[in-house]
Each structure stands twice: as structure tokens, then as C-alpha cells.
Amino acid sequence: MVSWTGLLAQILAIALALALAPLLMGWVNQWRAWLQNRRAPSLLQPYRTLHKLFHKESVLAENASPLFRIAPYIVFGCMALACGIAPTLSTDLPLAPAADAIALVGLFALARVFISLAAMDVGTAFGSLGARREMLIGFLAEPALLMVLFSASLITQSTSLARIVETLAHQSFAIYPSLAVAGVAFTFVSLAENARVPVDNPATHLELTMIHEALILEYSGRHLALIEWAAALKLFAYSCIGLALFFPWGVAEAGTPLAILFAIPALVLKLAVGGVLLAVIETINAKMRLFRVPEFLATAFLLAVIALLVHVLLGA
Amino acid sequence: MESLLAQTINLFAVALLVLAFAMIAQRRILTLIHLYTLQGAALVAATLVVAHLTGQHHLYGSAILTFVLKVVLIPVMLHRVIDRLNVRWDVETLFNIPTTMLIGIVLVIVAFNLAAPIASLSASIARGTLGIALACMLLSFLMMIVRAKAVPQVIGFLSMENGLFFAATAATAGMPMIVELGIAFDVLVGILILGVFMFQIREQFDSLDIRHLERLKED
């Protein structure tokens with residue numbers, strides 16, 4: 001039975017994600033620029049970029065197949081759905097039973113497969129290079145992400161994100177060493193998955209080092225806008241999953257519509273702090289060589305496994 | 001409040017374990033020393049919390065001893081040694097880190113299984129962390145085995161002593177003060193002698209690679 005408040009919270013959560021995701025991107029970029037002694041672009045720059053791209057003509061390669069055209073929509077849909085499933089504002093979400101944490105990882109994988117196929121579709125060298133790199137990172141990051149989600153699931157006895165948040169946020173405060181380790185692992189994974197600095201530089205178009213940019217090189221106009229927006233949504237979704245697992249306070253429970261009003265400022269505040277931390281991480285780290293990335297992600301996987309083992313040993 | 005403090009012991013124990021893994025994964029000697037210092041600090045913090053919770057005052061003494069020795073004195077000495085050996089920016093490249101870390105995970109599982117029956121016999125508040133202490137020791141062993149250079153081996157040895165000390169704090173109420181003092185001075189003398197050894201090895205072979213020691217005769 002879907003309650004009206006649940007439906008409202010769901011729509012609000014997705015709308016907020018769509019609206020705030022570019023802002024989060026702009027916020028991170030702004031802090032990155034400040035920390036690196038550069039003049040920062042406006043906070044609204046990502047919106048302007050999206051606006052510009054949506055009004056431009058989309059140019060397709062002559063041999064582009066229909067897959068190339070539909071991939072941006074699939075990627076965007078996946079990310080929007082992921083934002084809807086992650087309990088950002090309320091745990092009473094009609095969409096939440098549709099996908100638990102494991103299916104959520106599958107959703108990210110689906111988007112990755114389509115964007116990689118589309119990158120290889122046109123047959124340019126850069127596209128397939130980017131696709132291969134993306135798959136290399138993806139296949140190493142996914143098991144680590146699953147292990148992180150499992151260590152939270154072990155504590156709360158559920159793989160549904162909404163249930164995890166409910167259990168973590170509404171019991172008496174306790175220190176979970178396993179969650180602390182899993183949090184570090186999750187940070188590693190989200191840096192890799194969102195093409196942030198130690199793995200990929202989001203600000204570069206330098207051919208030899210790029211991963212994400214190489215994938216989307218052939219896209220233009222509204223397709224590119226959708227993909228850029230989807231990238232912002234992905235960052236937003238990952239931030240929200242991280243906040244849900246490790247800082248679940250402030251999320252509204254089922255049946256308390258007014259708590260959503262407090263959940264919004266709490267979410268914005270948490271995201272703002274998280275964005276600054278991301279900018280700091282990106283500033284103090286140098287981009288690593290591509291062949292070091294497996295080592296980086298192996299470390300993430302290892303930390304997540306340690307988190308599981310520690311939970312088994314300590315029961316906390 | 002008390003239960004939260006008891007939980008921080010687990011947190012520090014996990015920090016020790018993660019730092020032990022970080023040491024295995026770390027190639028740079030300088031960072032290795034920083035990690036060792038951090039591990040010492042985590043050990044001091046864990047000991048202080050145990051001392052506070054159990055009201056055993058001699059544990060404060062050993063916490064202070066640990067702090068002076070493992071957070072201040074030994075790191076300073078190690079910094080001076082690597083300065084004088086001129087290996088401050090040395091990077092080891094010869095071993096496969098992901099494989100080593102996988103072996104590390106197996107070691108952790110073994111240690112946790114080994115410690116479980118022992119821990120159930122103990123009545124200490126930090127008994128659950130005995131497995132972690134054992135895992136730290138085994139990981140430091142592993143580090144001593146896989147490293148080819150002298151300085152990381154010494155750091156592995158020192159970090160093994162950290163694990164041992166933590167095991168003593170976690171499983172029992174800490175070792176008697178006289179034993180602790182003895183071990184502390186052993187470690188101190190040990191690192192002095194190993195420091196001299198490192199200079200000698202370099203003098204003889206023009207490198208700190210201990211694989212040169214495997215050949216007993218000149219060809």
C-alpha cells in the first residue's frame with residue numbers, strides 16, 4: 001500500500017536530486033578551484049553548461065547505430081532511479097522495495113555497460129580505449145562496493161537501503177568499527193566510480209589519461225547534456241548512499257511528513273560538507289597511473305573484506 | 001558512556017589492523033615510518049582507554065612508556081637512520097602488492113579463528129580484540145618475509161612488537177611492568193643494533209638489499 005506521504009516524499013526526493021545534482025558538482029568544482037588558488041567558476045556553471053548543451057544541435061556520426069542514440073537516455077534513467085532508491089529524505093519510499101542494495105549496484109553496472117557499448121559503437125580509437133578503461137575500473141570497483149554494502153547489511157540484517165538507514169539512525173548511538181573501515185573503502189570506490197582525481201581527472205581533456213571524457217567524446221548537444229547530468233546524478237547518488245550508510249541521522253521516518261522539512265536542510269548540509277571533503281581529497285592527491293588503479297581498488301576491496309571479518313569477530 | 005568507551009577500544013584495534021595492512025601495501029620508506037608512528041599512537045590510545053575502564057593504573061605507565069618509545073624515540077631514530085643512509089625517498093618495487101594483501105586476508109582469517117577459543121576463556125573487556133592483535137603480528141611477520149630491503153624489515157619487526165603489546169593488553173590485564181620494561185629496552189637496543197647492521201650491510205654490499213646476505217661465499 002503506497003501512502004500519499006510516501007509518494008510525495010518519493011517525488012520530492014527525485015526532483016531534489018535532479019535539481020541539486022549539478023549544484024553539488026558546481027560546489028565541488030568551486031572548492032577545488034579555491035583550494036588550488038584558482039579563480040572559481042560560478043556555482044551555477046553546471047546549470048549553464050547543461051542549458052547551453054540542451055540548446056545545441058546534436059551531431060551524430062554517420063555509422064552510429066540506434067544504441068548510440070538511446071544510451072544517454074538509459075544512463076540518465078538509471079541514475080535518476082538510483083537517486084530515487086537511495087533514501088535521501090525519507091525512508092518511506094514507494095520505489096525502495098523495487099531494488100535493494102545489490103540491485104542498486106546492478107543498476108550502476110547497467111548504465112556502465114550501455115555507456116561503454118555506445119562508446120565502442122562509433123568505432124573511434126578513443127571510444128574503445130575509454131570503454132576498456134571504464135570496464136577495468138568497473139569490474140574491480142563493483143565487488144568492493146558490494147562488500148561495503150554487505151557489511152552494513154550484516155549489522156542491520158537487511159539489504160534494503162531504507163531498512164539499513166532506519167535501523168542505523170533510530171537505535172542508540174554505537175560505534176561500529178566495521179562501518180568505519182567500510183566507510184574508507186566506500187570513499188575509495190566512489191572516487192573511482194565517479195572519475196574523481198586519484199583515478200581520473202574530471203577536468204581534463206588530455207587524451208592519454210582520460211577515462212570518462214574518452215567515453216563520451218563522440219557525444220554532443222542534448223545527448224552530451226544528458227550524460228553530463230547523469231554524471232552529476234551519479235555523484236549525488238553515491239554521496240547519498242554514503243551518507244545513508246555512515247551518517248544516517250536526519251532522514252525522515254515513515255509516517256512523519258513534517259520531518260521531511262527538516263530532512264532537506266540536513267541533507268543539504270551533509271552534502272555541502274561532503275563536497276568540501278571531496279575537493280580536499282582531490283587537491284591533496286595526484287592522479288595515479290592507470291596501472292596503479294587495480295591496486296587502489298584492491299585496497300578498497302580488502303578494506304571492505306576486513307570490515308566484514310571485523311564484524312564477524314567483534315559482532316559490531 | 002562506559003560502553004561507548006569500550007567500543008572505542010574496538011575502533012582503535014581496527015585502526016591498528018588497517019595500519020598494519022597499510023604498511024604491507026606501502027612502498028615508500030618515509031611513509032612507512034609515518035604509519036609506524038600512527039600505529040604507536042593508536043596503541044597508546046587503546047591502552048589508555050583500557051587503563052581507564054579497568055582502573056589498572058600500571059597500564060597508564062605502560063601507555064606513557066609506549067608513547068615515549070614508539071611515538072617519539074624510535075620514529076626519530078628511524079628518521080635519522082634513513083637520513084644518514086640516504087634512503088629517505090627510496091621506493092621498493094619488487095613485490096606484488098595485491099597478492100601480498102590477499103595473503104594478508106587469509107592470515108587475518110586464520111588469526112581470527114585461532115583467537116576465538118582463547119578469547120572466550122578471557123574475562124578482559126577487550127578480549128574480542130585478541131584476534132586483531134594476533135592478525136597484526138602475523139601481518140608484520142608477512143611484511144618481514146616479503147620485503148627485500150633492511151629498513152622495512154626492521155619496521156616490520158617493530159610493528160610486530162606493537163601487535164604483541166596489544167595482545168598482552170587485550171587478552172590479559174597487560175604484562176607485569178618489569179616484563180614490559182624489559183621488552184621496551186630490548187626493542188630499543190634491538191633497533192640500535194639493527195641500525196648498526198644496516199650501516200654494515202650497506203658498507204659491505206653498497207645496498208640495503210638483504211638478498212645479498214644469502215650468498216655466504218665470494219664467488
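How many helices and how many strands does the secondary structure of chain A come to? I began my notes with this count, working from a predicted model, and I found 11 helices and zero strands in chain A.

**Entry 1, chain A.** Reading along the sequence, I wrote down the pattern of chain A as α-α-α-α-α-α-α-α-α-α-α. I then looked up the overall dimensions: the C-alpha atoms of chain A fill a box of roughly 60 × 45 × 40 Å along the principal axes. The radius of gyration of chain A is 19 Å, which agrees with the value near 20 Å that a compact globule of 316 residues would have. I noted that 49% of the 316 residues of chain A count as buried, and that, among contacts in chain A with a separation of 6 or more, 81% join residues 24 or more positions apart.

I turned to the record, where an unreviewed UniProt entry carries the annotation "transmembrane region" for several stretches of chain A, including residues 135–155 and 231–252. For residues 231–252 of chain A, the figures are 73% helix and 0% strand, and the end C-alpha atoms lie 27 Å apart.

I counted seven helices and zero strands in chain B, which run α-α-α-α-α-α-α from the N terminus on. The radius of gyration of chain B is 18 Å, close to the 17 Å that the globule rule gives for 219 residues, so chain B is as compact as a globular protein of that length. Its C-alpha atoms fill a box of roughly 60 × 35 × 30 Å, again along the principal axes. Buried residues make up 42% of chain B, and residues 24 or more positions apart account for 75% of its contacts with a separation of 6 or more.

I looked at α2(B), residues 29–54, whose 26 residues reach 37 Å from the first C-alpha to the last, close to the expected 38 Å. After α2(B) comes G55(B), for which I noted a positive phi, near 70 degrees.

Which residues make up the contact? I found that 18 residues of chain A and 19 residues of chain B take part. On the side of chain B that touches chain A, α1 (2–25) and α4 (97–121) each supply at least two residues, and the largest share, 10 residues, comes from α1(B). By class, I recorded 14 nonpolar, five polar and no charged residues on this side of chain B.

Technical notes: Residues are numbered from 1 along each chain as its sequence is written. Chains are lettered from A and ligands numbered from 1 in the order in which they are written. This is a predicted model: local features need pLDDT of at least 70, side-chain atom pairs count only at pLDDT 80 or more; totals for chains, interfaces and linings use all residues. Helices (H or I, at least four residues) and strands (E, at least two) are DSSP runs, numbered from the N terminus. The expected span of a helix is 1.5 Å times one less than its number of residues. The radius of gyration is taken over C-alpha atoms; the globule rule is 2.2 Å times the number of residues to the power 0.38. A residue is buried if 20 or more other C-beta atoms lie within 10 Å of its own, exposed if 12 or fewer, and partly exposed in between; C-beta atoms are placed from the backbone. Two residues are in contact if their C-beta atoms, placed from the backbone, lie within 7 Å. UniProt positions are given in the numbering used here, feature names are shortened, and annotations may be inferred rather than shown by experiment. Ala, Val, Leu, Ile, Met, Phe, Trp, Tyr, Cys and Pro count as nonpolar, Asp, Glu, Lys and Arg as charged, and the others, Gly among them, as polar.
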